[in-house]
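Here is a friendly briefing to read alongside the sequence and the 3D view.

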Amino acid sequence: MQRAAVAGRHTNRGNEQGGDHNTVTISERNPLTATQVGDAPGRGALVSMSDVSKSFDERQVITDLDLDVQPGSIVGLIGPSGCGKTTTVRLMTGLLWPTSGEVRVFGTPAHELSSRQRARIGYLPQIPALFPELSLRENLNFHASMYGLPLRRKRRINELLDWVELSEHRSTRVSDASGGMQRRLALAAAFVQDPVLAFLDEPTAGIDPILRAKFWERFRAMAGAGKTLVVTTQYVGEASECDLVALLSDGELVLFGTPDQLRWAAYEGEVVDVTFDTEPTDDQVAQLAGTDFVVGAIERVERRQLRIVVDDAERAVRDLTGALSAIGLQANEMWEHDVDYDEAFMRVVQRHRDRHQISADASAQESVA
Ligand SMILES: Nc1ncnc2c1ncn2[C@@H]1O[C@H](COP(=O)(O)OP(=O)(O)O)[C@@H](O)[C@H]1O
Ligand SMILES: [Mg+2]
C-alpha cells in the first residue's frame, strides 16, 4: 500500500525550512516516488503555479500556492466552499492575474497566452455562459465557430451531444432546458475544439450519480489519450478518479498527493480499531501509547473500542495482541479501519484549521506578552 504523504514543491520547501505546519509533510519512512513529485519542479508541467497569492480588495484568498500539473494527468481540486478552487482555476486560465507569484501554462505566463495556445485549452466555468434563446445544438455550434472549426463540425457536435446524453434534446432552447441539462451542455462546449488541456470547474455538480460515473469514465479515457484535466469538485469521493488531488483550505494548499496519500493523511498513519471486553483505563491507554506500535494519538471510538494509529496495520493486527495483554488488556476484535475520502477530507481540513487557530492564538499571546 502506498503510504507516502504528500507532495509538490510546497511540501518540499516546507521541509527545508524545518517543517511546514500547514502542509502534510513527507517523512523519510514514506518517500515519494519520482512520478508523484518530479525532482525538477516545473519541468515538463503544462500548468505551473509558483508562490501564487491572490487578494481581492486587500483580502487575501490564495496564499503561496505552488502547484504543477503534468501532461496526461487529472488533477482534482477539492476543498470546502469558499476555499479558493474557482479562483485557482481562473488564475490558471489567465482570467485572473496573481497579486504575486507566477502562473505559467504551456510555459507561458497565463495572461500572455496566444490565441493559438488558448485554442488548445477548454474551460468550463462554474457559472457557464450559454445563449438562452438558442437551442442546445446551436449553442455548441456557436462555440465551435468561435474556434473556427469548419471541418467535421457537425460530427463533433453530435458526438458531444451524445456523450452528455442530450441528443434527444438538441433542438430544445436553453431557456427551456433544466439546470442539469444546461450544465451538461456547458461541459460539452468546453470540449468542442478537442482541447489538450481542460479546466473544469465543478463539471459534476447537480449531475446524477450514473451520469457522473460516465463523465469520469470519459475524463479517464481522455487522460489515457494524453489530455490533461484540472477538475474541481464538491464530491470528495471523486478524488479517487484523480491522479493527484490538491486539497485547499482557506486559500492554502494543505495537501497535494495521490488519492491514497489523502486517505493516509487523515490519521498520518494506518489505522487499527480494537474492541475489548472491558473499558480500557486512561492509564492503560497511556501505556499503549508508549509502545512502539503506536505512532499517533489514540482515540476512544466507543466505551470499549479504541482507534490506534500505527505504521503498519497488517503487522499491528498480527502482533498487537501480545503488547495489549502485557498491559492487562484483552482484545476482542481487531481490524484495519478503512478511511474513506469524506473522513479524510474532514480530518485534514479540521487539522489545518486547528493548527491555524493554535498559531493565531500563539501570536496573539506573543503580542500581549
Ligand atoms: N471577484 C471576487 N471579488 C471578491 N472576492 C472574491 C471574488 N472571487 C472570489 N472571491 C472570494 O474568494 C474566496 C474564494 O472563492 P472561490 O475561489 O469562489 O472559492 P470556491 O470555488 O472554493 O468555493 C471566497 O471568500 C470568495 O468570496
Ligand atoms: Mg467554486
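This is a predicted model: local features need pLDDT of at least 70, side-chain atom pairs count only at pLDDT 80 or more; totals for chains, interfaces and linings use all residues.

**The nonpolar core**

- The largest nonpolar core holds 84 residues, and those touching the most other members are M92, A188, A190, V230, A246, L247 and V348.
- Helix α7, which covers residues 179-190, is the biggest contributor to this core, giving 6 residues.
- Both domain 1 (8-264) and domain 2 (267-338) supply at least three residues to this core.
- As general background, nonpolar side chains in soluble globular proteins tend to be buried together.
- Take A190 as an example: once neighbours within four places in sequence are set aside, its contacts are G122, Y123, L124, A198 and L200.

**Around ligand 1**

- Which residues are around ligand 1? They are F56, V61, G79, S81, G82, C83, G84, K85, T86 and T87.
- By type, this shell is made up of 6 polar residues, 3 nonpolar residues and 1 charged residue.
- Helix α3 (residues 85-93) provides the largest share of the shell, with 3 residues.

**A closer look at helix α3**

- How many of the residues of α3 are buried? The count is 8 of 9, so this helix is mostly covered.
- Its buried residues are K85, T87, T88, V89, R90, L91, M92 and T93.
- Two of these, K85 and T87, also belong to the shell around ligand 1.
- M92, another buried residue of α3, is one of the core members that touch the most others.

**Two residues with a positive phi**

- D194 is not a glycine, yet its phi is positive, near 55°.
- You can find D194 in the loop between α7 and β7 (197-201).
- Is D194 buried or partly exposed? It is partly exposed, because 15 other C-beta atoms lie within 10 Å, while a buried residue needs 20 or more.
- E268 also has a positive phi, of about 55°, without being a glycine.
- Look for E268 in the loop between α9 (259-265) and β11 (270-276).
- Why does E268 count as buried? It has 20 C-beta neighbours inside 10 Å, and the cut-off for a buried residue is 20 or more.

Conventions
Residues are numbered from 1 along each chain as its sequence is written. Chains are lettered from A and ligands numbered from 1 in the order in which they are written. A nonpolar core is a set of buried Ala, Val, Leu, Ile, Met, Phe, Trp, Tyr and Cys residues joined through C-beta atoms within 7 Å. A residue is buried if 20 or more other C-beta atoms lie within 10 Å of its own, exposed if 12 or fewer, and partly exposed in between; C-beta atoms are placed from the backbone. Helices (H or I, at least four residues) and strands (E, at least two) are DSSP runs, numbered from the N terminus. Domain bounds come from an automatic or database domain assignment. Two residues are in contact if their C-beta atoms, placed from the backbone, lie within 7 Å. A residue is near a molecule or strand if its C-beta atom, placed from the backbone, lies within 6 Å of it. Ala, Val, Leu, Ile, Met, Phe, Trp, Tyr, Cys and Pro count as nonpolar, Asp, Glu, Lys and Arg as charged, and the others, Gly among them, as polar.
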